Amino acid sequence: MTDERASTREHTDASVIRGNGLDEHAEAHGRYEIECIGADGKLKWREVIENVVATVGKNLALDIFLAGSAYTVVGPYMGLISSVSYTAVAAGDTMASHSGWLEAGGANAPTYTGNRKTAVWSAATAGGKALSAALSFAITSTGTVKGAFLCFGTGAVATKDDSNGVLWSAGTFNTGDKAVVNGDTLNVNYSTSL
């Protein structure tokens with residue numbers, strides 16, 4: 001008789017696979033959509049600007065959203081950026097200090113009727129907010145437009161070339177400068193998302 005034995009071993013492994021937490025990012029993005037309508041009523045060009053949201057604008061928005069108690073928005077006001085003396089738009093720009101660009105409409109061509117335009121917003125949806133209607137700039141001189149900007153907050157006014165308020169965003173055309181002439185109308189839409 002043979003004595004047979006078999007070694008038995010039991011082995012169990014277990015592992016837990018789980019996420020290492022929620023990863024959420026919130027970045028402010030904006031987009032200008034601008035079309036130029038000639039004096040004859042025909043579309044001359046259409047352009048999109050993916051803009052820089054200025055650091056001071058982000059800071060004010062965060063202070064309002066997370067720490068504000070009784071804030072009333074002033075503006076926002078939209079203006080145009082001239083190609084005169086242009087070098088750059090930067091995230092560090094402010095209304096009081098944007099050495100790389102000048103505002104169009106007052107001292108710098110092209111000029112347009114009235115003041116900066118007041119933005120009127122639709123209700124936010126899906127993490128975004130957009131103007132309820134395009135803002136129209138009736139051009140009154142020949143010149144070159146580089147882009148657009150939005151300012152708001154305490155001290156902001158609609159007066160062209162005023163340096164008060166907080167710069168929310170500024171952006172330039174993706175495909176280069178755009179020439180305009182007296183009689184053109186620029187219709188500008190803006191949307192932003194977090």
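Predicted model: local features only at pLDDT ≥ 70, side-chain atom pairs only at ≥ 80, totals over all residues.

User: OK, and which residues does Y190 cluster with through ring pairs?
Analyst: Y190 is linked with Y32 and W121 into a cluster by ring pairs. A search of the whole structure turns up six aromatic pairs.

User: Could you describe one of those pairs?
Analyst: Take W45 and F173: their ring centres are 5.5 Å apart and their planes sit at 80 degrees, so this pair is edge-to-face. W45 is in strand β2 (residues 43-53), while F173 is in the loop between β9 (166-172) and β10 (178-180), so the pair ties together parts that are 128 residues apart in sequence. Both W45 and F173 are buried.

User: And how do W121 and Y190 sit relative to each other?
Analyst: Their ring centres are 6.2 Å apart with planes at 70 degrees, so that pair is edge-to-face too. W121 is in the loop between β5 (117-118) and β6 (128-130) and Y190 is in strand β11 (residues 185-193), so parts 69 residues apart in sequence get tied together.

User: Is W121 buried or partly exposed?
Analyst: W121 counts as partly exposed, because its relative accessibility is 26% and the buried class stops under 20%.

User: Which lysines lie over ring faces?
Analyst: K160 lies over the face of Y112, 4.1 Å from the ring centre. K178 lies over the face of W45, at 5.6 Å from the ring centre.

User: Switching topic: how many helices and strands are in the chain?
Analyst: The chain has one helix and 11 strands. Along the sequence, the pattern goes β-β-α-β-β-β-β-β-β-β-β-β.

User: How much of the chain is buried?
Analyst: Buried residues make up 38% of the 194 residues.

User: What about charges? Why would two side chains pair up at all?
Analyst: Side chains of opposite charge can pair when their charged atoms come close. Here the count comes to seven salt bridges.

User: Which residue does R46 bridge to?
Analyst: R46 meets E35 in a salt bridge, at 3.0 Å from N to O. R46 is in strand β2 and E35 in strand β1, 11 residues apart. R46 is exposed, with a relative accessible area of 56%, and E35 is partly exposed at 23%.

User: Where do E103 and R116 sit?
Analyst: E103 is in strand β4 (residues 102-103) and R116 is in the loop between β4 and β5. Their side chains meet in a salt bridge at 2.7 Å, N to O, and both residues are buried.

User: Last one: which residues make up the nonpolar patch on the surface?
Analyst: L62, F65, L66 and L194 form that patch, with about 490 Å² of accessible area together. L66 belongs to helix α1 (residues 55-67), and L66 is exposed, with a relative accessible area of 72%.

Notes
Residues numbered from 1 in each chain as written. Heavy atoms only, no water. Patch = residues over 30% accessible without salt bridge, like charges linked within 9 Å, V, L, I, M, F, W, Y side chains within 5 Å. Areas by Shrake-Rupley, 256 points an atom, 1.4 Å probe, with all protein chains shown as cover. Salt bridge = Lys/Arg side-chain N within 4 Å of Asp/Glu carboxyl O. Helix = DSSP H or I, 4+ residues; strand = E, 2+ residues; numbered from the N terminus. Buried < 20%, exposed > 50% of the residue type's maximum accessible area, 1.4 Å probe, protein only. Phe/Tyr/Trp six-rings, centres within 6.5 Å; stacked < 30°, edge-to-face > 60°. Lys NZ or Arg CZ within 6 Å of the ring centre and 35° of its normal.
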